[in-house]
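Biologist: Hi! Could you walk me through this fold?
Modeller: Happy to, let's look at it together.
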Amino acid sequence: ISDNNNYFLTLLFTLCLTAISFGQVIITELADPNGELTGRYVEIYNVSSSPVDLTGWALQRWTNDNTDPTTSANVDLSSIGTLASGSFAIIARDESAFQTIYGISADIDAGDGGPADSNGDDQIAIIDASDNIIDIFGVPEEDGTGTCHEFEDGRAERIGSVAASAAVWDESEWNVWADSTVSGCTSHTNSPRTAPGDYDPG
């Protein structure tokens with residue numbers, strides 16, 4: 001009986017840790033500023049009450065309507081280290097340009113073609129060290145053009161009430177501005193945005 005109790009306690013503890021990890025870090029903003037591609041970035045945030053070690057985690061991108069993620073477009077988040085509770089991290093397309101445009105430093109320079117270099121019709125996810133999707137923006141295998149997850153020449157910002165990550169995208173959790181008119185969305189506005197005034201990284 002004692003062995004069985006120990007087994008079930010261990011299983012319960014493991015399940016709790018797994019559930020906690022899936023609710024901790026979320027994508028809060030994606031940027032494709034109109035006329036300023038070097039100002040592109042992805043912002044992530046720790047919504048939990050505990051620090052999260054991002055060692056082995058990555059930001060991943062599906063390009064257009066590709067079935068598989070673009071492996072070359074992944075960026076390792078390990079260099080961020082531990083993300084404190086209530087803290088943001090910024091993954092920029094070009095860290096030097098980002099600092100010039102927004103007046104603050106980015107945490108990671110992801111480079112051209114990376115997950116922070118989307119032109120607004122791709123899908124972006126946070127994955128953990130076991131390749132589990134922790135949080136995602138957009139619908140993999142669906143080109144974002146003309147959909148609720150198109151943010152071309154604009155931005156997508158998570159609404160402030162979201163308190164947990166989601167492995168399946170929920171468009172109602174986002175406010176999106178783009179250069180297109182899309183119907184059937186909770187908050188998608190045809191209004192291209194320029195940097196830095198319309199963006200608030202960090």
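Biologist: Leaving aside its neighbours within four places in sequence, which residues is Glu 157 in contact with?
Modeller: This is a predicted model. In it, Glu 157 touches Thr 28, Glu 29, Glu 173, Trp 174, Asn 175, Trp 177 and Asp 200.
Biologist: And where is the place of Glu 157?
Modeller: Glu 157 belongs to strand β11, which covers residues 155–158. Its side chain also makes a polar contact with the side chain of Arg 155, at 2.9 Å.
Biologist: What order do the strands have in the open sheet?
Modeller: There are 7 strands, in the order β8-β7-β2-β1-β11-β12-β13, and the pairing is mixed. At the edges are β8 (108–109) and β13 (188–190), each pairing on one side only.
Biologist: Which helix packs on that sheet?
Modeller: Helix α2, residues 95–102, touching β2, β7 and β8. The direction of α2 makes about 120° with that of β7.
Biologist: In which sense do β2 and β7 pair?
Modeller: Antiparallel, over 5 bridges, with β2 at residues 41–46 and β7 at residues 88–92. For example, Val 42 has Ile 91 in β7 as its bridge partner.
Biologist: New topic: how many residues lie between β9 and β10 in their hairpin?
Modeller: There are 5, and Asp 131 in the turn has a positive phi of about 65°.
Biologist: Why is β10 largely enclosed by the rest of the structure?
Modeller: Because 4 of the 5 residues of β10 (residues 133–137) are buried.

Terms used
Residues are numbered from 1 along each chain as its sequence is written. This is a predicted model: local features need pLDDT of at least 70, side-chain atom pairs count only at pLDDT 80 or more; totals for chains, interfaces and linings use all residues. Side-chain values use heavy atoms; hydrogens and water are left out. Buried means under 20% relative accessible area, exposed over 50%, partly exposed in between (1.4 Å probe, protein chains only). Helices (H or I, at least four residues) and strands (E, at least two) are DSSP runs, numbered from the N terminus. Two strands pair if DSSP finds at least two bridges between them. A polar contact is a pair of N or O atoms within 3.5 Å; within protein, one must be able to donate a hydrogen and the other to accept it, and residues adjacent in sequence count only if both atoms are side-chain atoms. Contact means heavy atoms within 4.5 Å. Axes are lines fitted to C-alpha atoms, for helices over the stretch in contact, and angles run from 0 to 180 degrees between N-to-C directions.
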